[in-house]
Amino acid sequence: MKLKVSKVSKPGMSAQAGTPPERSAPAGPSPSTRVGTSASAPVAPPATRLRVRSIPDISPPYIDSRTALLPELGPFVQGTLAISFRDDYDAASDPRACGYFGPQHTFSKDLPEPKVWVTSMAQALVEVMSGARPAPQVIRWTTPEVYSVVARRNAVSARRAVVARRAIVRQVRICEPADGVVEACAIVVDNGRVRALAMRLIGVDRRWVVSALQVG
């Protein structure tokens, strides 16, 4: 007689190969998905505090014309002439005067020797008018009226042929009718012709300036 022996499995073991059975996941959310307990969740930055300030009032102040006080008027009022009736007033020495920074009259004692200067100036003027010298070289030593005449003659002479002979000053005569004023006459030989130059010079800013010129 044969007996049939059956194996009795232990609790927690599968019937095949003696391996433990698979456990099913527990119901409900896992610890990693619970709210507030995730390790990879971003951290919120701290809240920024805002400071509220009021806008300053930049409107001009209100002035009541009925009660406002007028400021005291100065010695000069706009729209009136500033006239001084002083006898000892010198406009040349007053920085507030209009002529203080303008051309200043110079006396003879502060100017170069007139005869030598007239000789050199007469030579330069004749050369400019004959086209042998550019006109801007005498602009500092002449008034605007004299320079316009000399420059016009220079432009006309520039169209002609080259001057054959250079002008030469032969003789100069001068006289001083007033302090800082010289009237002169120069005899000049210009390209074979004898000509006369009459000039009036005034002292301005410590130099002689030709204020009048006549060519004979």
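Biologist: Which residue takes a positive phi in the hairpin of E1 and E2?
Modeller: Gly180 does, with a phi near 85°, in a hairpin that has 2 residues between the strands. Please keep in mind that this is a predicted model, in which local features need pLDDT of at least 70, side-chain atom pairs count only at pLDDT 80 or more, and totals for chains, interfaces and linings use all residues. Residues are numbered from 1 along each chain as its sequence is written, and side-chain values use heavy atoms, with hydrogens and water left out.

Biologist: How many bridges join E1 to E2?
Modeller: Strand E1 (residues 168-178) and strand E2 (residues 181-190) run antiparallel and are joined by 8 bridges, where two strands pair if DSSP finds at least two bridges between them. Within that pairing, Val172 stands opposite Ala186 in E2.

Biologist: Stepping back, how many helices and strands are in the chain?
Modeller: The chain has 2 helices and 4 strands, and from the N terminus on the elements run α-α-β-β-β-β. Helices (H or I, at least four residues) and strands (E, at least two) are DSSP runs, numbered from the N terminus.

Biologist: Which residues touch the most other members in the largest nonpolar core?
Modeller: Leu125, Val138 and Leu201 do, in a core of 27 residues; such a core is a set of buried Ala, Val, Leu, Ile, Met, Phe, Trp, Tyr and Cys residues joined through side-chain atoms within 4.5 Å. At least two residues of this core come from each of H1, H2, E1, E2, strand E3 (193-204) and strand E4 (207-215), and H1 gives the most, with 9 residues.

Biologist: Is Leu125 buried or exposed?
Modeller: Leu125, which is found in helix H1, counts as buried because its relative accessibility is 0%. Buried means under 20% relative accessible area, exposed over 50%, and partly exposed in between (1.4 Å probe, protein chains only).

Biologist: And what does Leu125 touch?
Modeller: Leaving aside residues up to four places away in sequence, Leu125 touches Val138, Thr142, Val150, Leu197, Met199 and Leu213, with contact meaning heavy atoms within 4.5 Å.

Biologist: Switching to aromatics, how many pairs does the count come to?
Modeller: The count comes to 1 aromatic pair, under a rule by which rings of Phe, Tyr and Trp (its six-membered ring) pair if their centres lie within 6.5 Å, with planes under 30 degrees apart counted as stacked, over 60 as edge-to-face and the rest as tilted. The rings of Trp117 and Trp141 have centres 6.2 Å apart and planes at 65°, so this pair is edge-to-face.

Biologist: Why does that pair tie together parts that are 24 residues apart in sequence?
Modeller: Because Trp117 lies in helix H1 (residues 114-129), whereas Trp141 is in the loop between H1 and H2. Trp117 is buried, with a relative accessible area of 16%, while Trp141 is partly exposed at 27%.

Biologist: What sits over the ring of Trp141?
Modeller: The charged end of Arg140 does, 4.9 Å from the ring centre. The criterion is that NZ of Lys or CZ of Arg is within 6 Å of the ring centre and within 35 degrees of the ring normal.

Biologist: Last one, where is Ala155 found?
Modeller: Ala155 is in helix H2 (residues 144-157), and at 39% relative accessibility Ala155 counts as partly exposed. Ala155 and Gly131 are 24 residues apart in sequence and 7.4 Å apart in space, C-alpha to C-alpha.
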